Every structure is written in structure tokens, then in C-alpha cells.
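Thanks for making time this morning.

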Amino acid sequence: MEKKLTCVSCPIGCGITVRIEDNVVTRIAGNQCPRGETYAQQEAIDPMRVLSTSVRVIGGEFPLVSVKTDRPVPKRLILQIMNYVRTLSIEAPVKIGQVVAEYLLGMSASLVATREVHLAQQRTSRSISENSL
Ligand code: SF4
């Protein structure tokens with residue numbers, strides 16, 4: 001079997017052709033550098049992705065906070081990770097970079113917040129003071 005990939009390791013975006021036999025990469029062509037070979041090897045057999053999603057916030061100015069994994073995780077596990085993420089909630093306030101969950105499915109990846117969420121009443125008092133100006 002052959003797979004055609006686009007290397008995302010740099011902006012050049014080389015088109016790479018990978019031949020796979022019995023779940024083993026036997027040929028890689030089209031990459032202009034060794035990084036492309038590493039990328040193609042991983043992508044062809046076990047693709048990895050950074051997962052971006054959101055987690056429920058308790059007592060915050062917003063009901064959700066955006067989060068992402070701090071490293072790529074296997075694409076084949078994303079559904080399982082999402083099922084776990086749906087069970088999570090975090091209490092406000094939430095800081096950018098705050099770890100929301102560690103060791104996702106026993107892996108070294110963590111889920112970290114990508115925005116701030118203040119306490120609900122902090123926003124209310126700020127809004128009141130802004131409105132009174
Ligand atoms: S193979 Fe090398 S040059 Fe081509 S896109 Fe990947 S990193 Fe860039």
C-alpha cells in the first residue's frame with residue numbers, strides 16, 4: 001500500500017510518498033530532508049495530533065475554558081481522550097497554562113488551559129466599574 005502525505009515539519013510542505021507493507025514502512029520518497037523521513041514514518045504508522053478542545057468551568061465568567069494537549073497524542077486515542085475530557089470540570093479562576101488534567105490515558109501528555117477564566121463575580125464587579133466610567 002502507498003500513502004501520500006504532506007510533511008508539516010516546515011513551511012515547504014514536501015509531498016511524501018510512503019510505501020507500507022505488513023504495517024512496516026519500506027520506502028519513503030519525496031522528502032527534502034531527514035525530518036521529513038521521521039515525520040512520514042510516524043504519520044504513516046501512528047499519526048499524532050495536538051488535541052484542542054474545551055473543559056467545563058464551575059463558577060467562572062464563561063462556562064467553558066479552551067484547552068489543548070501539551071504535546072501530540074496518538075490520533076487513534078483522540079475519541080477515548082474526548083470521552084474522558086467530557087467528564088472533567090475545573091473551578092474558576094483558571095490561568096493560561098494551568099494544568100487541567102495530567103497523564104491522559106496513562107500517557108505523559110497533559111491538558112493545559114489556553115485562556116484565562118475569571119471568577120463570575122470578578123467580571124461582574126469589573127463590568128460595573130467599567131460601566132460607571
Ligand atoms: S521534508 Fe524537510 S524540507 Fe520537506 S517539508 Fe519536511 S521538513 Fe520541510
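Let me start with strand β6, residues 64-69, and strand β10, residues 111-113, which run antiparallel and are joined by three bridges. Within that pairing, K68 stands opposite V112 in β10. Before I go further, a caution: this is a predicted model, in which local features need pLDDT of at least 70, side-chain atom pairs count only at pLDDT 80 or more, and totals for chains, interfaces and linings use all residues. Residues are numbered from 1 along each chain as its sequence is written. Strands here are DSSP runs of E with at least two residues, helices are runs of H or I with at least four, both numbered from the N terminus, and two strands pair if DSSP finds at least two bridges between them.

β6 also pairs with strand β5, residues 52-58, in the antiparallel sense and over five bridges, and there S52 stands opposite K68. β5 and β6 form a hairpin with five residues between them, and G59 in the turn has a positive phi of about 75 degrees.

In a regular strand the side chains alternate between the two faces of the sheet. In β6, the covered face holds V65, V67 and T69, while L64, S66 and K68 lie on the uncovered one.

Which strands make up the open sheet, and in what order? There are five, in the order β8-β5-β6-β10-β9, and the pairing is mixed. β8 (89-91) and β9 (99-101) stand at the edges with a single partner strand each, so one side of each is left without a neighbour in the sheet.

Turning to the ligand, the residues around it are C7, S9, C10, I12, G13, C14, N31, Q32, C33, R35 and G36, where a residue counts as near if its C-beta atom, placed from the backbone, lies within 6 Å. This shell divides into five nonpolar, five polar and one charged residue; Ala, Val, Leu, Ile, Met, Phe, Trp, Tyr, Cys and Pro count as nonpolar, Asp, Glu, Lys and Arg as charged, and the others, Gly among them, as polar.

Finally, the whole chain has three helices and ten strands. Its radius of gyration, taken over C-alpha atoms, is 21 Å, well over the 14 Å that the globule rule (2.2 Å times the number of residues to the power 0.38) gives for 133 residues, so the chain is more spread out than a compact globule. The C-alpha atoms fill a box of roughly 65 × 35 × 20 Å, taken along the principal axes.

Definitions and conventions. Buried ≥ 20, exposed ≤ 12 C-beta atoms within 10 Å, placed from the backbone.
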